[in-house]
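Please look over the sequence and structure first.

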There are 2 protein chains.
Amino acid sequence: MIKRLCVIGVGLIGGSLARSLRAANAVGEIVGCGRGRENLETAIRLNVIDEFTSDPVQAVAGADMIVVATTLGATAEIFSKIAPAISAATVVTDVGSAKQRVIELAISNFGERIGQFVPGHPIAGTEHSGVEASFAELFQNHRVILTPTEQTSAAALSAVTKMWQSTGAVVCEMSAEQHDTILAATSHLPHMLAYALVECLASMDESNDVFKYAAGGFRDFTRIASSNPEMWRDIALDNRHALLAAMDRFQITFDLLKNALSSEDAEALQGLFQNAKSARDAAETLEE
Amino acid sequence: MIKRLCVIGVGLIGGSLARSLRAANAVGEIVGCGRGRENLETAIRLNVIDEFTSDPVQAVAGADMIVVATTLGATAEIFSKIAPAISAATVVTDVGSAKQRVIELAISNFGERIGQFVPGHPIAGTEHSGVEASFAELFQNHRVILTPTEQTSAAALSAVTKMWQSTGAVVCEMSAEQHDTILAATSHLPHMLAYALVECLASMDESNDVFKYAAGGFRDFTRIASSNPEMWRDIALDNRHALLAAMDRFQITFDLLKNALSSEDAEALQGLFQNAKSARDAAETLEE
């Protein structure tokens, strides 16, 4: 049971976590912290949080669990502000999509308190943002990846694991490097492809017709291009090494496909499509 | 009212058209034609067709409307077989995704009967195939693009327009060239990206983990990579000029994005993401 939870960044993820812990009776008080007063007032009205402040130092006072759920770009500033204010009993965690970068920032800011920090990332979300888009069931049966370092204390790791389990999530652990490689492939690269595709179509002379005649497959495919541009700027930059490597791998396959097409190599095309279909169909069976 | 409809290729599209016309009382008898006996027997059992034959010449005998709904790769053979067998009163149409190629084949096969052929393409589908995946509502509120040539007779165009309107579809006309450019952008290119992405991930050392940790966005994004490989081989090859042009346009935007990322140009990244999001959000409002 968390006595006083501090959520810094009460958006889709932070808001859903707060709602979910409340619904599970796994939390006492919840204090929200953020820059947008209107969003925080909405969070109060929706009973997502009990109180709020725009000052991170005030926000963390007395909290036994602090969740930094801002965009990655704000993480450095938040860590530097809250680091002097946390007590020996406080656990800090985050929800950022680029774990190696977050760990660098944690090490340089938390100093001897680094053991109290648990790097985390819930694999859940929608293309919407803000507390109004949040809901208690967001993490149900989704995975939360924790990437503890050698410094992470067992007590802190256990507290964060229990918190996420209360939301119905499946918690697992891996190295930050492995996390970043996997997320670059399954999330960051697809977002780049969707953004690039829509941008490329929007710049065509026929762009109005293009979007008018798009079928359901196109809409599914490009839904993620409606995601928050500021958030994705930060994720792309903070995980750029793994993401650029993933983009280079994609380029190799894309070139293979282009060459098969321009040389009218029907067998190579069908082989590539068949491989991909088999992998995609097998992946469906891996789902919970 | 169609007296005797001949559907060559009783799969997702052909089967759904038959079901839909039946449901709308817009058809008398339906004869199915195809290579797979089992699929045709299923079509009889599901009451999608009344009778079947594997011989296209027999199939078209007495039909006032013939719909060629095979994969694009089979179109040339079907056209050459049925051309000598159609009467002056018969209308022929197709559902292929590469209209310039289909028109070439129609011209070289139908000779003086070319006016009776109406090139068509329903913008609807799912990642499933076969008559068991067909359903009467597939075309409801979806667009069907007809690409008549100067030779197409007004009577044939009108008959095919009415047929599709009976399914609840919105029928519109454009040139075959415009169709191919638009479809390359909105459908064929996204399929290439999805296939290439899944193939690229499947070839990673971490591929099992990669698919295990994929979130909902990834599954939406790659659903189209479960489409029929043979069908997509044909579409890609038959529309390869427009598709290669679309892939080249995509490459330009993808390179822009990669360069912005490797030079850590936050402003360029956010600008590109924001443009894409605006275009994607605006496209949603274009939907019926």
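Asp220(A) is partly exposed, with a relative accessible area of 22%. Arg223(B) is partly exposed as well, at 25%. Both values fall in that class because it runs between the buried limit, under 20%, and the exposed limit, over 50%. This is a predicted model.

Asp220(A) and Arg223(B) form a salt bridge, and their closest N and O atoms lie 3.4 Å apart. The pair crosses between chains. Asp220(A) sits in helix H9 (residues 216–222) of chain A, while Arg223(B) sits in the loop between H9 and H10 of chain B. A network of salt bridges links Asp220(A), Arg223(A), Asp220(B) and Arg223(B).

## How the two chains meet

Chain B gives 82 residues to the contact, and chain A gives 82 residues. About 7,900 Å² is buried between chain B and chain A. Carbon and sulfur atoms give 73% of that area. In chain B, the residues that lose the most area to chain A are Tyr213(B), Phe221(B) and Arg280(B). Together they make up 10% of what that side buries.

Polar links are present too. The rule finds 21 residue pairs in polar contact across the interface of chain B and chain A, both residues at pLDDT 80 or more. Six salt bridges are counted between chain B and chain A. Glu264(B) forms a salt bridge with Arg240(A), and the closest N and O atoms are 3.0 Å apart.

## What lines the chain B side

Several elements of chain B give two or more residues to the side that touches chain A. Among them are strand S8 (143–146), helix H7 (176–202), helix H11 (240–262) and helix H12 (266–284). H7(B) provides the largest share, 18 residues. By class, this side of chain B has 47 nonpolar, 14 polar and 21 charged residues.

## Salt bridges within a chain

Over all chains, the count comes to 30 salt bridges. In chain A, Glu132(A) forms a salt bridge with Arg45(A), with the closest N and O atoms 3.9 Å apart. This pair links distant parts of the chain, 87 residues apart. Glu132(A) is in the loop between strand S7 (120–122) and strand S8 (143–146) of chain A, and Arg45(A) is in helix H2 (residues 37–45) of chain A. Both Glu132(A) and Arg45(A) are exposed.

In chain B, Glu51(B) forms a salt bridge with Arg4(B), and the closest N and O atoms are 3.3 Å apart. This pair also links distant parts of its chain, 47 residues apart. Glu51(B) lies in strand S3 (residues 51–53) of chain B, and Arg4(B) lies in strand S1 (residues 2–8) of chain B. Are these two residues buried, partly exposed or exposed? Glu51(B) counts as partly exposed, at 34% relative accessibility. Arg4(B) is buried, with a relative accessible area of 13%.

Terms used:
Residues numbered from 1 in each chain as written. Chains lettered and ligands numbered in written order. Predicted model: local features only at pLDDT ≥ 70, side-chain atom pairs only at ≥ 80, totals over all residues. Heavy atoms only, no water. Contact = heavy atoms within 4.5 Å. Buried area = accessible area lost by both parts, 1.4 Å probe. Salt bridge = Lys/Arg side-chain N within 4 Å of Asp/Glu carboxyl O. Polar contact = N/O pair within 3.5 Å; in protein donor to acceptor, adjacent residues only side chain to side chain. Helix = DSSP H or I, 4+ residues; strand = E, 2+ residues; numbered from the N terminus. Nonpolar A, V, L, I, M, F, W, Y, C, P; charged D, E, K, R; others polar. Buried < 20%, exposed > 50% of the residue type's maximum accessible area, 1.4 Å probe, protein only.
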